[in-house]
Amino acid sequence: MHSEAFGPKDSTLIICIHGGPGGDYRYMLNCKTLATKGYRVVFYDQRGAGLSQRFPKIWYKSQGSDAINKIFYDELKGVIAHYRTTASQKVILLGQSWGAILATGYTGKYPTEINGLIVAEPGGLKWDDVVDYVAESRSFKLWSETLNDATYIDQFIAGKEDQHEILDYKASLMGATNEIVGDVGADLGNNAPSYVASRSGAVVLAASFELGQDTKPDFSAGINNFSTKTFFIYSSNNKAYPDSWATKISSVYPNKEIFKAQGVGHSGMIDQVNFWTTTMEPKIISYIQSL
């Protein structure tokens, strides 16, 4: 597994959990500035994504009804154990999109082991809500230019089930733009993120959705036992995340602070430099200090 950490090793741990499944953490690198404020900031590419090891699809499917635990929760537990230097060191989870879903599920499973939870636009927590959000937020439409481009690409780049290099490349091309979630078309100028995404994880993405359809996981299970305040963030520019959806998804957190990020979209809450510096980082620090 690929990971890196910044900041004083014995200070409060902030574990940054990227979206996907199958994304990578590069778009979250603005969070690295938290290290200059005295926090230990950890990034990791989840199994099958970014620069981490690939596995055949059959491996994911072989994990059965306990797949989410074996694939994602155990991995996160190992990351925390690796970077935690003492039992008293506080642990904050900061997840975006799928990462926020994963962070919620983990916290519900281990509520006494997490000292703070920051979730930025978890699409859904109960499986039916996940499916509904994916359907609303995807910009891939039948007969659209994107589909035509994909069909054109398929004439030259064809990948079988476990040909990771080819499938990951195609996934990157297909996921490059999404106007619905509000991260395309903004005049960013010097505010444009400086990161370069490393590599998508097409196989883990496909396998995760198939496992979800088979097992219907509830990522909100146990979160009612987490009494610490959760910082719930959503954006004004994501057309698939109106106020009503934010109210519905956030309702499972028993103690929460809700913040609507104005003028940015799904990833912009984290990756737009100016917004991060002037708004998001101060909000996150204030939240952590309030715990």
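User: Which residues is Ile-71 in contact with, leaving aside its neighbours within four places in sequence?

Analyst: This is a predicted model: local features need pLDDT of at least 70, side-chain atom pairs count only at pLDDT 80 or more, and totals for chains, interfaces and linings use all residues. Residues are numbered from 1 along each chain as its sequence is written, and side-chain values use heavy atoms, with hydrogens and water left out. Contact means heavy atoms within 4.5 Å. Leaving aside neighbours within four places in sequence, Ile-71 is in contact with Arg-47, Trp-59, Tyr-60, Gln-63 and Leu-211.

User: How many Å apart in space are Ile-71 and Trp-59, C-alpha to C-alpha?

Analyst: Trp-59 is one of the contacts of Ile-71. In sequence, the two are 12 residues apart. In space, their C-alpha atoms are apart by 9.8 Å.

User: Does Ile-71 count as buried or exposed?

Analyst: Ile-71 lies in helix α2. Helices (H or I, at least four residues) and strands (E, at least two) are DSSP runs, numbered from the N terminus. Buried means under 20% relative accessible area, exposed over 50%, partly exposed in between (1.4 Å probe, protein chains only). The relative accessibility of Ile-71 is 1%, so this residue counts as buried.

User: At what angle do the axes of helix α2 and helix α3 cross?

Analyst: Axes are lines fitted to C-alpha atoms, for helices over the stretch in contact, and angles run from 0 to 180 degrees between N-to-C directions. Helix α2 spans residues 67-83 and helix α3 residues 98-109. Their axes come within 11 Å and cross at roughly 80°.

User: Are α2 and α3 roughly perpendicular or roughly parallel to each other?

Analyst: Angles under 35 degrees count as roughly parallel, over 145 as roughly antiparallel, 65 to 115 as roughly perpendicular and the rest as oblique. The crossing is at roughly 80°. Therefore α2 and α3 are roughly perpendicular.

User: How do the residues of the contact of α2 with α3 divide into nonpolar, polar and charged?

Analyst: On the α2 side are Asn-69, Phe-72, Tyr-73, Leu-76, Lys-77 and Ile-80; they meet Trp-98, Leu-102, Gly-105, Tyr-106 and Lys-109 in α3. Ala, Val, Leu, Ile, Met, Phe, Trp, Tyr, Cys and Pro count as nonpolar, Asp, Glu, Lys and Arg as charged, and the others, Gly among them, as polar. The division is 7 nonpolar, 2 polar and 2 charged.

User: In what order do the 7 strands form the open sheet?

Analyst: Two strands pair if DSSP finds at least two bridges between them. Here the pairing is mixed. β1 (3-6) and β7 (256-261) each have a single partner strand, so both stand at the edges. The order is β1-β3-β2-β4-β5-β6-β7.

User: What is the bridge partner of Cys-16 in β3?

Analyst: Strand β2 (residues 13-17) and strand β3 (residues 40-44) run parallel. They are joined by 4 bridges. In β3, Cys-16 is partnered by Phe-43.

User: Which strands does helix α8 touch?

Analyst: Helix α8 covers residues 243-250 and packs on the sheet. Its direction makes about 160° with that of β6 (230-235). The strands touched are β6 and β7.

User: Are α4 and α8 roughly parallel or roughly antiparallel to each other?

Analyst: The axes of α4 and α8 are 12 Å apart. The angle is about 155°. Therefore the two helices are roughly antiparallel.

User: Which residues of α4 and α8 make the contact?

Analyst: The residues of this contact divide into 3 nonpolar, no polar and 3 charged. From α4 come Asp-129, Asp-132 and Tyr-133. From α8 come Trp-245, Lys-248 and Ile-249.

User: Is Asp-129 buried or exposed?

Analyst: Asp-129 lies in helix α4. Not counting residues up to four places away in sequence, Asp-129 touches Gly-123, Gly-124, Trp-245, Lys-248 and Ile-249. With a relative accessible area of 12%, Asp-129 is buried.

User: What is omega near in the cis peptide bond from Gly-20 to Pro-21?

Analyst: Pro-21 lies in the loop between β2 and β3. The bond from Gly-20 to Pro-21 is cis. Its omega is near -5°.

User: What is the relative accessibility of Glu-121?

Analyst: Glu-121 sits in the loop between β5 (116-120) and α4 (127-137). Its phi is near 50°, a positive value in a residue other than glycine. Glu-121 counts as buried, at a relative accessibility of 0%.
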